[in-house]
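Hi everyone, thanks for making time today.

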Amino acid sequence: MTRLLEILISLAIVVALYLVVGLALPSSRHLVEKIETNRKLTIVFDTLNSFRRFKDWNTLVLRDPAMQVTLSGPEEGEGAQLDYASDKKGVGKGSWKIVESVPREKVAFAIENQERGSNKRTEFTFKPTGRNNRNVEITQTYDVDYGWNLIGRYAGLYVTRHVGDDMKMGLTRLVNMLAAVPNVDYAVKDSKMSTPKVIERPAEDLLVVSAGAVERGNAQIQASMTANSEWIKRVMDANGLEAVGPLRIVTTDLGRETYTFDVVQPVRKKDGSAITSVATQGPVQHVQSPASKAAMASYTGYMAELENVRNALRAWAATHGYEVKDRAFEDYKSGVAGAFTENGQFDVYWPVK
């Protein structure tokens with residue numbers, strides 16, 4: 001009897017200590033992690049303001065690469081949501097939802113998962129830093145409430161190790177991913193480039209001349225484009241073809257001393273019939289291009305400025321979850337001569353997978 005009483009008293013002391021310690025533990029937890037990147041603020045914000053690149057930086061996917069993921073709501077900004085489901089222990093079901101989005105300042109997510117606690121929220125804020133504010137400091141916070149759930153309060157003792165370590169790894173993965181994005185701001189105020197978008201391109205019949213490596217000088221490049229477009233016109237006249245849209249330039253390589261490119265003209269039969277064969281001349285080749293998708297933006301300015309536009313388009317595609325392929329190209333809407341003036345008109349394309 002005495003032994004039983006001693007056991008009961010010991011258990012009571014343990015329970016009392018559990019309750020006292022539990023009540024003394026914080027009813028909520030707040031974590032903070034920071035990292036710095038040299039990418040433009042636009043690139044950082046757009047990457048986190050949607051779930052298009054979520055799998056490339058968030059550590060959740062590392063636990064189960066085969067988890068089922070479903071996106072709902074708008075493609076970006078407030079209301080965008082990612083739901084996941086996994087059979088892996090420690091992952092289970094849950095969701096991330098963007099609940100606050102302030103352009104170039106903040107993106108906040110509400111998190112639902114199987115871990116203890118409620119009102120889980122992680123927030124990313126951005127601050128220009130470094131020399132001449134060239135870098136961006138990314139601060140991630142995490143908040144969770146346990147209330148009067150004492151088991152939850154005890155679980156909070158380990159949140160720094162579990163969630164905190166995930167935050168550190170996720171931020172590192174984010175910065176490494178951003179390092180592969182061309183560091184060009186495609187949303188500069190009063191930019192001469194329109195807002196990029198992805199379009200569907202139809203199948204085309206193309207007459208193509210490879211200009212080779214041309215010395216980098218406006219006169220030399222313009223002369224090459226003009227001469228090769230004349231070859232294309234001869235083939236068009238000889239085969240009863242007509243142009244479909246403006247002349248196109250496809251960039252292969254823009255070196256320090258030379259520019260390597262193709263001169264291309266989309267064509268069709270004047271009588272509307274299908275093109276079955278083309279009798280080519282000189283350097284002209286006939287190519288049939290299949291339907292495809294491409295990131296696209298319009299631009300007004302000098303032809304020499306297009307390299308920066310191409311990089312801006314590739315940066316936009318990367319932050320919006322598209323992988324570019326093949327070569328970029330431009331429709332010279334104001335003709336070859338007009339392209340070498342400040343009022344040159346271009347539609348710039350980069351095919352995407």
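Arg-327 is partly exposed, with a relative accessible area of 33%. Keep in mind that we're looking at a predicted model here. Which residue does Arg-327 pair with in a salt bridge? The partner is Asp-262, and the closest N and O atoms are 3.0 Å apart. Asp-262 itself is buried, at a relative accessible area of 10%.

Now, over to helix H8. Arg-310 and Glu-307 join their side chains in a salt bridge there, 3.0 Å from N to O. They are three residues apart in the helix, so about one helical turn separates them. Are these two buried or exposed? Arg-310 counts as buried, at 5% relative accessibility, whereas Glu-307 counts as partly exposed at 29%.

One more pair for you: Asp-56 and Arg-53 form a salt bridge, with 2.6 Å between the closest N and O atoms. Arg-53 has 15% relative accessibility and counts as buried, because the cut-off is under 20%. Asp-56, at 24%, is partly exposed.

And how many salt bridges does a search of the whole structure find? The count is 22. Happy to zoom in on any of these pairs if you'd like!

Technical notes:
Residues numbered from 1 in each chain as written. Predicted model: local features only at pLDDT ≥ 70, side-chain atom pairs only at ≥ 80, totals over all residues. Heavy atoms only, no water. Salt bridge = Lys/Arg side-chain N within 4 Å of Asp/Glu carboxyl O. Buried < 20%, exposed > 50% of the residue type's maximum accessible area, 1.4 Å probe, protein only. Helix = DSSP H or I, 4+ residues; strand = E, 2+ residues; numbered from the N terminus.
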